[in-house]
There are 2 protein chains.
Amino acid sequence: MCESRVNAPDAGQRGETTRILLDCDTGIDDALAILYLAGLEGVSIVAAGSVHGNVPAPLGALNTLRVLELAGLDDVPVAVGAARPMAQPLQTAEFVHGEDGLGNIHWPMPRRRPSAEPAAQQIVRLAREQPGELVLLAIGPLTNLGLALLLEPELPRLLRRVVVMGGAVYRAGNATADAEANVWHDPEAAELALGAGWPLTLVGLDVTMQVSLAGDALAELQAASSAVGRFAWSILQHYLAFYESYYGARMCHLHDPLAAGIAVDSSLARYRRTPVHVELRGERTRGATRGSLPWWLNPPSGEPEVEVAVEVDAERFVRGFLDVLAGARAP
Amino acid sequence: MCESRVNAPDAGQRGETTRILLDCDTGIDDALAILYLAGLEGVSIVAAGSVHGNVPAPLGALNTLRVLELAGLDDVPVAVGAARPMAQPLQTAEFVHGEDGLGNIHWPMPRRRPSAEPAAQQIVRLAREQPGELVLLAIGPLTNLGLALLLEPELPRLLRRVVVMGGAVYRAGNATADAEANVWHDPEAAELALGAGWPLTLVGLDVTMQVSLAGDALAELQAASSAVGRFAWSILQHYLAFYESYYGARMCHLHDPLAAGIAVDSSLARYRRTPVHVELRGERTRGATRGSLPWWLNPPSGEPEVEVAVEVDAERFVRGFLDVLAGARAP
């Protein structure tokens, strides 16, 4: 790890290290999230697992290794995770992330290889070995989390916290009119994860759409001279082109990095506690994530609640993100 | 009809009469919509039909007769319509509208009785008799419209325009997190109506939630001395109490009156053209109304489009509504 890292307030102020168990489908914004975490003081990535989603799971694992290598994190094991969703066919998103998942920059093969253990099994093993210590940060579809919950029903009591980039509880989706992409890629697994009764924070489009990288922030990243900054800028080009085709403007949201930021510093957001369920049956709304029905239809049920991020300090987050990715402190 | 009516811009400026065929589940805001229409110059209510929804269909027909009588419209025939939805059990909303549907004021029985013809059949008959003349204004569940479309496949070509209070295309619902009440009461019928290929304007929560009656506007209505104004104020008390229990403030929205206003003066709103479908299968989202999926999932299909009202001149509408309901010009 690099020495010149930016302080992560939550962990740093308590003098503790946030121990992250990462689950990802790396992916352009996954890569940015990993580089951001790698540059934060007081954060340790204990292990990573890949999952189908932005790209197939084996490619996601290779990309995770590529990015960890760039960040100098050569000691973080990377497991390959679920190759397909629980109850629907595989769909990937190369049109957003490029054929290689990293904006078609065709980065060299990493030196290391993925570990032999499946990602879900790795989650269960590490949670048992370090009970109450790990923050599980899931920034891809939730298939590995669903599998881990089925493998080990005690899992909810073995983790410190679960932070999920996923869902759109109080606003429209991005994969469909209602479904956010990570949930849409495996609605059944998401329903398992959201109902597991663990301390789960949902970082969905409710807040990630409040955070944009555009204008001066993009210029600052473009001017970065570190290897990490130059890599980030090069993979971003494909992502920005996708956003531009959709919004007509040169910008992007920072879905996965924001979830990483909130995993490390919960004070970045405000939250609403509610049970959240996933629509599994809809013809048009499958994958929608919704809180309780109104009181006249569905009185409080005692179901497990999750913490839905509903408002975020976007300016502070983007500043911190650029301090790492564009700053002199980049790993 | 009364002579001192407020001008309805669309019709009035062209010197034409807007001939309204009304479908309603009268209900407090239905009653307000009828009184508002009755007080507009250049508007003629040709006939009305009731439908299950706020209250059972037979009570809705009696209430429609009560309100028409108060407005002096003793020549408007009222048919009883569908007593239940197409594919789900009957549910009514007395908790919003009162046991009598009119805020528990227990208004006397009307002098007239409903006609013998079912409401759906009345729609078909009048549309055939006056092809291209009638504006079908539906402010309840769409069961009668669905039945009429099944009875007469040519119906879409026989009406001038269809204006529906229903749906929530780009925002949350009010019966559930996703479903607006009129669509939720009969999703199958709504899907038939929205896909019929007739010139349909959807006045949903997208715009009706932009229009509130509160503060000075309420005070103006409270001060009204006409029989219509006093009736409107008395039925509103139950409605206001319901809203207050939900919002914690003394106010209400004007769902049905706004649809009536837009049926008469389309310049009150801005619109977006899109196909709209109803989620029929969802466990949690049944009754959601949604536009097209994003282009990467669902290229333009050539499906029938409807005109979704997305923005409304609330101030102008409320002013016109009060001119009729609270003004000296009340019928």
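A nonpolar core is a set of buried Ala, Val, Leu, Ile, Met, Phe, Trp, Tyr and Cys residues joined through C-beta atoms within 7 Å, where a residue is buried if 20 or more other C-beta atoms, placed from the backbone, lie within 10 Å of its own. This is a predicted model, in which local features need pLDDT of at least 70, side-chain atom pairs count only at pLDDT 80 or more, and totals for chains, interfaces and linings use all residues. Residues are numbered from 1 along each chain as its sequence is written, while chains are lettered from A in the order in which they are written.

| Core | Size | Residues included |
|---|---|---|
| Largest | 113 residues | L21(B), L35(B), L137(B), A259(B) |
| Second, separate | 111 residues | L32(A), V76(A), L134(A), A288(A) |

In the largest core, the residues listed are those with the most contacts inside it. One of them, L21(B), touches residues including V46(B), I123(B) and L137(B), when residues up to four places away in sequence are not counted; contact here means C-beta atoms, placed from the backbone, within 7 Å.

Chain A holds an open sheet of eight strands with mixed pairing, in the order β5-β4-β2-β6-β7-β8-β14-β11. Strands are DSSP runs of E of at least two residues, numbered from the N terminus, and two of them pair if DSSP finds at least two bridges between them. Because β5 (78-79) and β11 (269-274) of chain A stand at the edges with a single partner strand each, one side of each is left without a neighbour in the sheet. Strands β2 (residues 18-24) and β6 (residues 134-138) of chain A pair in the parallel sense over five bridges, and R19(A) has L134(A) as its bridge partner in β6(A).

Note on methods. Helix = DSSP H or I, 4+ residues; strand = E, 2+ residues; numbered from the N terminus. Buried ≥ 20, exposed ≤ 12 C-beta atoms within 10 Å, placed from the backbone. Contact = placed C-beta atoms within 7 Å.
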